[in-house]
Amino acid sequence: MDVFEILAKLEQKEASIGEKLHKLTTANLNPFPMERIKKGKLLLKLIYEFKKHVEADEFILAGMKLRDLEMEGLRVLPESK
């Protein structure tokens with residue numbers, strides 16, 4: 001899987017996370033599900049940092065952010081057989 005495929009998948013995930021965060025904050029829940037909001041913001045931050053490292057050709061750092069994303073439960077790469 002090359003970098004462009006990973007970026008495309010992350011952009012899809014980023015849009016999905018953004019939509020979910022918007023739904024959570026506009027649903028007028030009492031109390032807000034703060035843990036889910038916090039996790040969504042963390043995932044968006046990690047995706048943003050991954051993109052910045054790729055743009056700067058810092059692929060080792062980008063790989064570390066990709067690992068952090070997977071540790072947070074956002075699977076991007078297919079599992080190896």
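1. Let's start with a helix pair: helix H2 (residues 34-55) and helix H3 (residues 59-71) pack with their axes 8 Å apart, at an angle of about 160°. Axes here are lines fitted to C-alpha atoms, for helices over the stretch in contact, and angles run from 0 to 180 degrees between N-to-C directions. H2 is therefore roughly antiparallel to H3; angles over 145 degrees count as roughly antiparallel, under 35 as roughly parallel, 65 to 115 as roughly perpendicular and the rest as oblique. Helices (H or I, at least four residues) and strands (E, at least two) are DSSP runs, numbered from the N terminus.

2. Before going on, a word on what you are looking at. This is a predicted model, in which local features need pLDDT of at least 70 and side-chain atom pairs count only at pLDDT 80 or more, while totals for chains, interfaces and linings use all residues. Residues are numbered from 1 along each chain as its sequence is written, and side-chain values use heavy atoms, with hydrogens and water left out.

3. Back to the H2 and H3 pair, whose crossing is left-handed. A crossing gets that label if the near helix is turned anticlockwise from the far one by less than a right angle, and is right-handed if clockwise. On the H2 side, the contact is made by Leu 43, Leu 46, Ile 47, Glu 49, Phe 50, His 53 and Val 54. H3 brings Phe 59, Leu 61, Ala 62, Lys 65, Leu 66, Asp 68 and Leu 69. Contact means heavy atoms within 4.5 Å. By class, the residues of this H2 and H3 contact are ten nonpolar, one polar and three charged. Ala, Val, Leu, Ile, Met, Phe, Trp, Tyr, Cys and Pro count as nonpolar, Asp, Glu, Lys and Arg as charged, and the others, Gly among them, as polar.

4. His 53 is worth a look in your viewer. This residue sits in helix H2 and counts as buried, because its relative accessibility is 17%. Buried means under 20% relative accessible area, exposed over 50%, and partly exposed in between (1.4 Å probe, protein chains only). Setting aside neighbours within four places in sequence, His 53 is in contact with Glu 58, Leu 61, Ala 62 and Lys 65.

5. Now the other pair. The axes of helix H1 (residues 3-26) and H2 cross at roughly 155° and come within 10 Å, so H1 is roughly antiparallel to H2. The crossing of H1 and H2 is left-handed. From H1, the residues in this contact are Val 3, Ile 6, Leu 7, Leu 10, Glu 11, Glu 14, Ile 17, Leu 21, Leu 24 and Thr 25. From H2 come Arg 36, Ile 37, Gly 40, Lys 41, Leu 43, Leu 44, Ile 47, Phe 50, Lys 51 and Val 54. The residues of the H1 and H2 contact split into 13 nonpolar, two polar and five charged.

6. Leu 42 lies in helix H2 and is partly exposed, with a relative accessible area of 30%. Its C-alpha is 20 Å from that of Ala 27, a residue 15 positions away in sequence. Lys 52 is in helix H2 too, and counts as partly exposed at 37% relative accessibility.

7. Phi of Asp 57 is near 60°, a positive value in a residue other than glycine. Asp 57 is exposed, with a relative accessible area of 56%.

8. In helix H3 you will find Glu 70, which is partly exposed at a relative accessible area of 26%. Beyond neighbours within four places in sequence, Glu 70 is in contact with Arg 75, Val 76 and Leu 77. Glu 70 and Ala 56 are 14 residues apart in sequence, and 22 Å apart in space, C-alpha to C-alpha.

9. Finally, the whole protein. There are three helices and zero strands, running α-α-α from the N terminus on. The C-alpha atoms fill a box of roughly 45 × 30 × 20 Å, taken along the principal axes. Of the 81 residues, 27% count as buried. Among contacts with a separation of 6 or more, 55% are between residues 24 or more positions apart. The protein exposes about 6,000 Å², with carbon and sulfur atoms supplying 57% of it; accessible areas come from the Shrake-Rupley method with a 1.4 Å probe, and for residues only the protein chains shown count as cover.
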